[in-house]
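Welcome! Take a look first, and then we can read it together.

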Amino acid sequence: MKLILLGAPGAGKGTIAKLLSAMDGAVQISTGDILRSAVEAGTELGRQARGYIRRGELVADELIMTLMEHRLQQADCESGFLLDGFPRTIPQAEALNQLLDKLGIALDKVLNLETSREVLLNRLTTRRTCVNRDCQAIYNLNSKPPAVAGICDQCGSEVLQRDDETEVAIAQRLTAYHTKTAPLIGFYEQQGLLMSVQSTSSEAVLKAVTEQLGLKD
Ligand code: AMP
């Protein structure tokens, strides 16, 4: 399965990618996770990306393309990939098309997760994430709180609010989505790759995807 997951922050891209990955074996590639790991590790990439992430702004296209050109050629991508949070701008999508042509890879679909602004805001302000990079389980204070407050059910690490999940950063991320990322919907529609699904529940999204891609549930 070679999919792009498109949608605003909080639309459920990461959650759906994890479920599809477990079902199909395709590797989840989240540019946000890669960048946050780089910030934590204090690498040059992390140093350059840090301020943008904190403010909820997009990191420069060139930086992202250098990262993804390398990532998509790693061996684990041969069994398929789920691009979560990339591409996020028209220049990134155009560069990705060129890169995939060069590598002889064809995308199956672009899954666009649709959600209302109200739901997005609610999900983002109540989302909590496991700090353990190898786990990164996602919780929600209302719908899926950890059994013990602040502790991950899966690995016992701390569960925290992300730096860019403050109200100011969230507003900036949603603006970046509307101005820079939403145009990708039309871009992929024109290429006949778009599949839009209402992101009401993970089950509903998985059902729609497995049906449309002809996979078994
Ligand atoms: P995410 O976890 O996907 O919401 O990404 C968190 C932050 O990482 C974003 O707000 C951006 O600052 C940065 N980021 C992630 N992916 C990209 C991308 N494809 N292009 C530019 N910036 C990105």
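How far is an oxygen atom of the ligand from a polar backbone atom of E57? The distance is 2.5 Å, a polar contact (a pair of N or O atoms within 3.5 Å).

## About the model

This is a predicted model, in which local features need pLDDT of at least 70 and side-chain atom pairs count only at pLDDT 80 or more, while totals for chains, interfaces and linings use all residues. Residues are numbered from 1 along each chain as its sequence is written, and side-chain values use heavy atoms, leaving out hydrogens and water.

## Around the ligand

The ligand has 17 residues around it (each with a heavy atom within 4 Å). Those that come nearest are T31, R36, E57, G85 and Q92.

A polar backbone atom of V59 is 3.0 Å from a nitrogen atom of the ligand, and a polar side-chain atom of R88 lies 3.0 Å from a ligand oxygen. On its own, the ligand has 480 Å² of accessible area (Shrake-Rupley method, 1.4 Å probe), and the protein covers 96% of that.

β1 pairs with β3 (residues 81–84) in the parallel sense over 4 bridges (DSSP must find at least two for a pair). Here I4 stands opposite L83. β1 also runs parallel to β4 (residues 109–114), joined by 4 bridges, and L3 has K109 as its bridge partner there.

Methods:
A polar contact is a pair of N or O atoms within 3.5 Å; within protein, one must be able to donate a hydrogen and the other to accept it, and residues adjacent in sequence count only if both atoms are side-chain atoms.
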